[in-house]
Amino acid sequence: MALFDGTERKQAELKKRAEGKLPPGQSLTLKWPVLHYGSVPRFDPERWDFRVYGLVHTPLRLTWKDFSSLPRFEHSSDFHCVTRWSRFDNRWTGVAFREILRRVQPLPTASHVLVHAEQGFTANIPLTDLDREDVLLATHHDGEPLSADHGFPLRLIVPHLYAWKSVKWLRALEFLDHDVPGFWEKNGYHMYGDPWKEQRYSGD
Ligand SMILES: Nc1nc2c(c(=O)[nH]1)N[C@H]1C(S)=C(S)[C@@H](COP(=O)(O)O)O[C@H]1N2
Ligand SMILES: [Mo]
């Protein structure tokens with residue numbers, strides 16, 4: 001017997017819709033799909049670093065060992081992919097975005113962040129959308145270390161925007177005084193990506 005048959009899945013979805021937790025045009029998934037452009041990068045703890053640069057008072061470069069010693073933070077949130085699936089109640093563990101902000105101290109002119117991943121993948125996010133309690137740099141999901149294809153060792157989680165902004169294989173944050181399109185934004189996706197307003201593609 002399947003753990004979740006079609007009927008059970010549909011019922012769960014209707015319940016979440018009724019609770020107002022499912023954005024318009026989305027369907028509930030109980031599995032966790034893997035979605036990204038390109039190949040899964042290999043993690044090399046000797047070579048890996050995490051950098052914060054641009055319009056910040058104190059730029060940061062952390063090795064994996066440095067990063068692992070930062071204070072830990074946990075938060076559960078929903079995840080909405082622009083390809084119309086949503087996954088509820090993901091328990092993310094890692095470092096609070098505000099912990100990073102506290103250390104680097106953005107300059108007053110900083111308004112946007114360009115998030116950089118392995119292999120040149122990028123995503124743009126306004127700074128006010130990162131300076132939130134529910135945003136974190138995650139190393140674990142539901143108590144387990146991230147798997148390689150879900151972003152190991154580190155990914156960004158921005159629950160209130162479409163999931164292409166939740167960048168896997170995170171390597172750097174670049175603070176800017178203007179908005180620039182990231183990888184998907186250059187390829188026709190919306191610059192902001194609010195799932196509740198269905199901001200999927202540019203022009204939405
Ligand atoms: N580095 C990187 N991060 C990425 C992507 C990508 O192509 N590269 N795809 C995004 C998209 S479109 C989605 S829906 C989520 C999917 O995360 P998952 O594979 O863990 O479900 O990752 C996002 N983060
Ligand atoms: Mo996505």
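Start by selecting Thr29 and whatever touches it: beyond its neighbours within four places in sequence, Thr29 is in contact (heavy atoms within 4.5 Å) with Arg9, Trp85, Ser86 and Arg87. This is a predicted model, where local features need pLDDT of at least 70, side-chain atom pairs count only at pLDDT 80 or more, and totals for chains, interfaces and linings use all residues. Residues are numbered from 1 along each chain as its sequence is written, ligands are numbered from 1 in the order in which they are written, and side-chain values use heavy atoms, leaving out hydrogens and water.

Stay on Thr29 a moment. Thr29 sits in the loop between β1 (27–28) and β2 (49–54); strands here are DSSP runs of E, at least two residues, numbered from the N terminus. Thr29 has 12% relative accessibility, so Thr29 counts as buried (under 20% relative accessible area, 1.4 Å probe, protein chains only). Show its side chain, which reaches the backbone nitrogen of Lys31 at 3.2 Å.

Next, select β7, residues 122–126, where five of five residues are buried. Thr122, Asn124 and Pro126 point one way, Ala123 and Ile125 the other. Look for His112 opposite Pro126.

Key:
Helix = DSSP H or I, 4+ residues; strand = E, 2+ residues; numbered from the N terminus. Buried < 20%, exposed > 50% of the residue type's maximum accessible area, 1.4 Å probe, protein only. Polar contact = N/O pair within 3.5 Å; in protein donor to acceptor, adjacent residues only side chain to side chain. Pairing = 2+ DSSP bridges.
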